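Visitor: Could you walk me through this model, one question at a time?
Guide: Gladly; here it is.

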Amino acid sequence: MSNVNKASIPTAQALDAWSNQSSETPNSLTIIADSNIASLDDFFNAQTLGQEIYQTVTVIKVAGRDIDAQLLAKAQPDVLLVRSVTPVNASLLADNDSVRFVGSATIGTDHIDQDYLIQRNIRFANAAGCSKHSVAQYVLTAILTLRPKYWQQPSTLGIIGLGNIGSTLAQYAHDLGWQVLGYDPLLPESSINNASFEQVITQSDAISLHVPLTQQDDSDYPTWHLIDQAALAAMPADTLLINSARGPVIDAAALTSDIAETKRQVALDVFEHEPQVFAPLLNQLALATPHIAGYTLEGKLRGTQMVYDALCEQLALAPTQSMHQLLPLNTYLWSELKAHPERLIRFYDIRQDDKDLRAKLSDGQVSGADFDKLRREYRLRREWQR
Ligand SMILES: NC(=O)c1ccc[n+]([C@@H]2O[C@H](COP(=O)([O-])OP(=O)(O)OC[C@H]3O[C@@H](n4cnc5c(N)ncnc54)[C@H](O)[C@@H]3O)[C@@H](O)[C@H]2O)c1
Ligand SMILES: O=C(O)[C@H](O)[C@H](O)COP(=O)(O)O
């Protein structure tokens with residue numbers, strides 16, 4: 001049996017050409033994938049998935065925001081692979097009866113209606129923890145760029161949400177001799193889950209948010225507008241606030257007024273009205289980046305690896321591709337950076353990302369198209385080895 005990779009088709013426009021040739025080949029596997037998923041061709045092809053079962057593996061690559069119900073109804077894929085910008089729900093899948101597996105190569109799952117997928121008997125996998133070090137390193141870089149004195153001076157870092165990213169950030173904070181005040185009502189008390197929400201808000205030098213986006217229907221502790229006008233009013237003006245979780249965790253209107261009044265330093269990687277970013281907020285931020293906290297080569301490849309492994313399990317195949325075969329040598333050592341704080345800009349020049357985002361400001365906003373373009377064309381950083 002020959003395994004033929006029937007090509008990775010780069011755009012949705014190519015779908016017509018593909019569907020004319022496709023003759024419902026038995027044992028064929030059709031995948032629709034967000035073209036922003038790293039190394040799609042390396043992980044999803046007839047060699048890595050075929051293995052005597054699938055003669056043909058077709059990957060149709062589409063921009064995440066262009067994956068829609070019409071495309072799914074027409075292509076009738078077996079597998080749908082997304083990142084965070086494709087809402088996967090009844091509206092997307094109602095006219096489709098072929099999808100058996102949905103993978104999101106991201107940590108966050110707020111774009112996925114998991115109850116609906118269960119009802120439809122569609123297996124779902126995400127990439128929990130894939131970029132936890134990358135995001136933690138983004139936060140450290142933001143803090144140490146804005147407050148270089150914290151390299152030497154003990155400070156108190158408040159962490160809201162102590163899952164994969166929050167707990168990883170706490171490890172780096174301890175490496176630097178910082179005190180951690182952590183709040184996570186869904187986890188047992190621990191040496192880092194050691195404070196109330198009010199204590200974190202009122203007693204920290206810097207606060208970093210690492211919660212999923214949840215609403216009242218999903219959680220006893222919803223995070224939508226967790227940081228609202230009241231929380232901001234209770235936060236001392238010199239407390240640095242960082243959000244790399246999801247935009248709507250902070251009420252953007254309340255934050256805009258708060259900064260105008262307090263001159264608080266705020267670093268945002270995510271925005272309430274993403275992909276649009278509005279000037280009145282952007283112009284007051286100490287640092288602003290286009291949702292790239294997790295965008296390292298390692299973080300993105302790990303996301304792909306995790307959904308590939310889960311798909312292999314679903315198909316009862318042994319995974320044969322590994323991200324380690326694809327990674328160039330990594331020379332970024334956390335121990336080196338700790339010994340030479342002045343090298344931070346070489347490890348991650350966050351101000352360049354900030355500058356690139358602000359350069360897109362036009363007519364009072366950064367448009368969704370420009371925000372997405374910055375992310376699509378982002379030169380992936382390397383994750384520091386800890
Ligand atoms: N900016 C980026 O590039 C980027 C990259 C990866 C993840 N993210 C976001 O970061 C979020 C966190 O990622 P993670 O890997 O740590 O997720 P995780 O699921 O491992 O941890 C989230 C933690 O938040 C806690 N939590 C839930 N509601 C809470 C509340 N009201 N108050 C305090 N804690 C609460 C949970 O108990 C959990 O421990 C993701 O859901 C995603 O939205 C952003
Ligand atoms: O939740 C996540 O993993 C991140 O937010 C992810 O890095 C963003 O995914 P993207 O927007 O690139 O689709």
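Visitor: Which residues of helix α11 (residues 252-262) are buried?
Guide: A word on the ground rules: this is a predicted model, where local features need pLDDT of at least 70 and side-chain atom pairs count only at pLDDT 80 or more, while totals for chains, interfaces and linings use all residues. Residues are numbered from 1 along each chain as its sequence is written, chains are lettered from A and ligands numbered from 1 in the order in which they are written, and side-chain values use heavy atoms, with hydrogens and water left out. Helices (H or I, at least four residues) and strands (E, at least two) are DSSP runs numbered from the N terminus, and buried means under 20% relative accessible area, exposed over 50%, partly exposed in between (1.4 Å probe, protein chains only). On that basis, the buried residues of α11 are A252, A254, L255, T256, D258 and I259.

Visitor: What do the buried residues of α11 pack against?
Guide: Contact here means heavy atoms within 4.5 Å. The buried residues of α11 pack against α10 (229-234), β10 (240-243), β11 and α12 (279-282).

Visitor: At the start of α11, which backbone nitrogen does a side-chain oxygen of D251 reach?
Guide: A polar contact is a pair of N or O atoms within 3.5 Å; within protein, one must be able to donate a hydrogen and the other to accept it, and residues adjacent in sequence count only if both atoms are side-chain atoms. The side-chain oxygen of D251 comes to within 3.1 Å of the backbone nitrogen of A253.

Visitor: With which residue does D258 form a salt bridge?
Guide: A salt bridge is a side-chain nitrogen of Lys or Arg within 4 Å of a carboxyl oxygen of Asp or Glu. D258 is buried, at a relative accessible area of 9%. The closest N and O atoms of the pair are 2.8 Å apart, and the partner of D258 is R264.

Visitor: D269 is buried yet has no salt bridge, so what is the nearest side chain of opposite charge, and how far away is it?
Guide: D269 is found in the loop between β11 (266-268) and β12 (277-278). Lys and Arg count as positive and Asp and Glu as negative, with His and the chain ends not counted. The nearest side chain of opposite charge is R375, at 6.7 Å.

Visitor: Which backbone nitrogen lies 3.0 Å from a polar atom of the D269 side chain?
Guide: Leaving aside neighbours within four places in sequence, D269 is in contact with several residues, including Y138, N243, E274 and H291. The backbone nitrogen at 3.0 Å from the D269 side chain belongs to A293.

Visitor: How are the rings of W334 and W384 arranged?
Guide: Rings of Phe, Tyr and Trp (its six-membered ring) pair if their centres lie within 6.5 Å; planes under 30 degrees apart count as stacked, over 60 as edge-to-face and the rest as tilted. The structure holds 12 aromatic pairs. For W334 and W384 the centres are 6.0 Å apart and the planes are at 15°, so the pair is stacked.

Visitor: How many residues apart are W334 and W384?
Guide: W334 is buried at a relative accessible area of 2%, and W384 is buried at 3%. This pair links distant parts of the chain: W334 lies in helix α14 (residues 334-339) and W384 in the segment after α17 (368-376), so placed 50 residues apart.

Visitor: Over which ring does the charged end of R381 sit?
Guide: A charge sits over a ring if NZ of Lys or CZ of Arg is within 6 Å of the ring centre and within 35 degrees of the ring normal. K300 lies over the face of Y295, at 4.3 Å from the ring centre. For R381, at 4.2 Å from the centre, the ring is that of Y348.

Visitor: Is I143 buried or exposed?
Guide: I143 is found in helix α7 (residues 132-146). At 1% relative accessibility, I143 counts as buried.
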